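This briefing goes through one structure by topic. Please keep the sequence and the coordinates at hand while reading.

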Amino acid sequence: MPTPPACDTLVPVLGDQLSPELSSLRDRDPATTVILMMEVVDETTYVRHHKRKLAFILSAMRHHAEALRADGWTVDYVRLDDPDNSGSFTGEVARALTRHAPARIAVTEAGEWRVAAMLEAWETLFGVPVAILPDDRFIASHADFDEWANGKSTLVMEFFYRDMRRRTGLLMDGKKPAGDRWNFDKENRKPAVADLFMPRPLAFPPDAITRDVLGLIAARFPDNPGSLDRFDYAVTAEQAQAQADNFMRQALPKFGDYEDAMLTGERHLWHSILSPYLNAGLLDPLDLCRRAEAEYRAGRAPLNSVEGYVRQIIGWREYMRGIYWREGPDYVHRNFFGNTRKLPGFYWTGETDMHCMKEALDQTLDTAHAHHIQRLMVTGNYALLIGADPFDVHLWYLEIYIDAYEWVSLPNTLGMSQFGDGGLLGSKPYAGSGKYIDRMSDYCRRCRYDVSRRTGEGACPFNALYWDFLDRNEDKLRGNRRLAMPYRTWDRMAPAERAATRAQAAGHLQSLDEAGDAGY
Ligand SMILES: Cc1cc2nc3c(=O)[nH]c(=O)nc-3n(C[C@H](O)[C@H](O)[C@H](O)COP(=O)(O)OP(=O)(O)OC[C@H]3O[C@@H](n4cnc5c(N)ncnc54)[C@H](O)[C@@H]3O)c2cc1C
Ligand code: SF4
């Protein structure tokens with residue numbers, strides 16, 4: 001038998017590091033490197049992940065290991081059901097050190113504080129040099145973000161985004177933004193109408209590897225939320241690229257127009273559904289933006305769509321990551337309003353008669369995905385209006401969405417959606433009455449509640465809850481200039497109307513308490 005090659009470097013590759021160009025692998029010699037990939041129980045259970053999310057990540061990891069082997073790498077892969085599996089990254093690295101006796105460990109930095117602390121402990125724990133390398137799949141490094149943020153009293157995403165445009169050259173004509181404007185958001189808030197020619201994402205039937213994983217998840221995590229039925233996510237870089245091609249061709253041209261729209265039964269609209277692949281490393285963010293720009297330059301997609309798409313990625317996505325690392329591990333405990341209510345049980349079952357909530361929740365439980373406005377203005381808005389504990393809301397989003405990793409989920413959920421940080425990410429809370437949902441969707445027309453009414457039997461719950469939210473949090477919000485108008489409207493209401501609105505909201509909240517099925 002040939003002697004196995006001496007292992008000079010052990011490279012642990014984590015579940016969201018499925019990129020061939022990973023910093024820890026770059027310029028390394030496959031002959032003297034062992035890649036360690038680990039399915040560990042700690043990572044599958046730190047929250048009760050949606051079954052589909054677990055299946056996607058494990059299947060994508062197993063496919064990635066195959067691709068790395070095909071490229072000539074030695075991959076030591078530890079499966080979840082391996083009887084000797086210690087259950088943690090640190091335990092598995094310890095076991096791998098005895099198997100391979102490497103001279104050093106090299107690893108790309110982790111995507112969250114919890115795992116970063118593990119990696120930082122390894123050098124002392126194991127007495128082996130550990131190089132923790134920057135994750136340069138992101139465009140802005142931690143230092144870049146800090147340099148931009150330092151000394152600023154408010155961290156306005158739009159200005160960060162403009163810097164990123166200048167830096168990457170994306171959609172720039174010399175020193176000027178393409179079309180002479182940085183932002184085409186005003187053109188982008190149209191409601192949509194369903195038609196037969198709406199784009200559809202590709203479906204990828206499970207292969208043998210995925211079928212194995214689906215069996216494992218069904219057996220090991222039967223009580224986790226969500227469904228595994230008709231699993232059809234991409235699980236390889238090639239499939240993810242095919243999905244990206246499909247998006248560029250079919251959906252990008254109208255992405256901007258209908259970015260904020262919602263329609264009954266239409267789960268994808270003109271969204272890309274590429275976030276799971278971007279966040280796991282199967283797609284490269286800058287590459288996607290360049291491809292989108294090429295569609296604009298070739299005249300196949302209008303600027304409002306391409307600019308909107310590029311802004312989501314080099315703007316919001318990078319900005320959220322910057323905020324996550326800048327604010328530190330305690331960010332997760334911020335609770336500006338001091339909210340304590342538990343999330344209602346229907347967040348895990350979809351059993352509610354509010355049509356907008358049911359659409360967003362059913363879709364989420366089926367597919368582990370919902371688009372931005374559903375997350376922000378439906379499920380997030382409702383949680384904010386009922387005064388749900390932002391930490392619990394964070395846990396729900398982290399467990400339920402296929403693209404949820406703490407660096408991106410936490411600032412979006414606790415920060416943007418729940419205003420838990422008191423306005424670091426937005427100048428006012430994303431709270432809205434039924435009117436907003438009615439404007440952007442066809443949901444209200446199909447709902448048993450009447451969106452035009454605030455009080456009385458059958459009135460839309462979002463309406464009374466919205467005004468009650470403003471009233472309840474008056475001491476914290478009245479001074480906010482962007483809320484001056486709604487407070488003026490509230491002040492102008494007759495006292496009896498205000499009292500009826502408060503009573504209507506209290507009745508709704510009481511019904512939640514009486515249901516006795518709250519989560520967590
Ligand atoms: C409460 C809440 C929680 C969220 N949690 C997550 C999460 O865990 N993971 C996640 O990737 N996104 C999260 N988002 C942002 C956004 O909803 C998703 O990125 C988007 O729905 C993914 O679907 P898509 O790929 O079709 O996106 P598209 O609508 O096609 O957008 C294009 C891309 O832009 C990026 N993007 C857009 N908005 C954001 C944003 N606010 N933050 C970061 N990236 C963004 C995504 O990579 C996305 O693929 C959250 C938003 C809210 C309001
Ligand atoms: S009427 Fe209210 S509860 Fe019903 S869909 Fe509209 S916003 Fe949602």
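The model is predicted. A search of the whole structure finds 41 salt bridges, and a few of them are described here.

**Salt bridges**

- Glu43 and Arg114 meet through their side chains in a salt bridge, with 2.7 Å from N to O. The two residues belong to distant parts of the chain, 71 residues apart: Glu43 is in helix H1 (residues 41–45) and Arg114 is in helix H4 (residues 113–126).
- Within this pair, Glu43 counts as buried at 15% relative accessibility, whereas Arg114 is partly exposed at 30%. The cut-off for buried is under 20% relative accessible area, so Glu43, at 15%, falls in that class.
- Asp245 and Arg291 form a salt bridge through their side chains, at 2.3 Å from N to O. Because Asp245 lies in helix H8 (residues 237–250) and Arg291 in helix H11 (residues 285–297), the pair ties together parts that are 46 residues apart in sequence.
- Asp245 is partly exposed, with a relative accessible area of 32%, and Arg291 is partly exposed at 23%.
- Arg181 and Glu187 are joined by a salt bridge whose closest N and O atoms are 3.0 Å apart. Glu187 is partly exposed at 32% relative accessibility, and Arg181 is partly exposed at 35%.
- A network of salt bridges links five residues: Asp185, Arg189, Asp260, Glu307 and Arg311.

- With neighbours within four places in sequence left aside, Phe56 is in contact with Phe231, Tyr233, Ala234, Val235, Pro276, Tyr277, Ala280, Leu282 and Ile402.
- In soluble globular proteins, nonpolar side chains tend to be buried together.

**A residue of helix H17**

- Thr413 is located in helix H17 (residues 406–417). Is Thr413 buried or exposed? Thr413 is buried, with a relative accessible area of 4%.
- Apart from neighbours within four places in sequence, the contacts of Thr413 are Val393, His394, Tyr397 and Gln418.

**Ligand 1**

- For His271, an N or O atom of the side chain is 2.6 Å from an oxygen atom of ligand 1. For Ile273, a polar backbone atom is 2.7 Å from an oxygen atom of ligand 1.
- A nitrogen atom of ligand 1 is 2.9 Å from a polar backbone atom of Asp403.

**Ligand 2**

- The shell around ligand 2 consists of Met354, Cys356, Gly434, Ile437, Tyr443, Cys444, Cys447, Tyr449, Val451, Cys460 and Phe462.
- How many residues of each class make up the shell around ligand 2? The shell has 10 nonpolar residues, one polar residue and no charged residues.

Terms used. Residues are numbered from 1 along each chain as its sequence is written. Chains are lettered from A and ligands numbered from 1 in the order in which they are written. This is a predicted model: local features need pLDDT of at least 70, side-chain atom pairs count only at pLDDT 80 or more; totals for chains, interfaces and linings use all residues. Side-chain values use heavy atoms; hydrogens and water are left out. A salt bridge is a side-chain nitrogen of Lys or Arg within 4 Å of a carboxyl oxygen of Asp or Glu. Helices (H or I, at least four residues) and strands (E, at least two) are DSSP runs, numbered from the N terminus. Buried means under 20% relative accessible area, exposed over 50%, partly exposed in between (1.4 Å probe, protein chains only). A residue is near a molecule or strand if one of its heavy atoms lies within 4 Å of it. Ala, Val, Leu, Ile, Met, Phe, Trp, Tyr, Cys and Pro count as nonpolar, Asp, Glu, Lys and Arg as charged, and the others, Gly among them, as polar. Contact means heavy atoms within 4.5 Å. A polar contact is a pair of N or O atoms within 3.5 Å; within protein, one must be able to donate a hydrogen and the other to accept it, and residues adjacent in sequence count only if both atoms are side-chain atoms.
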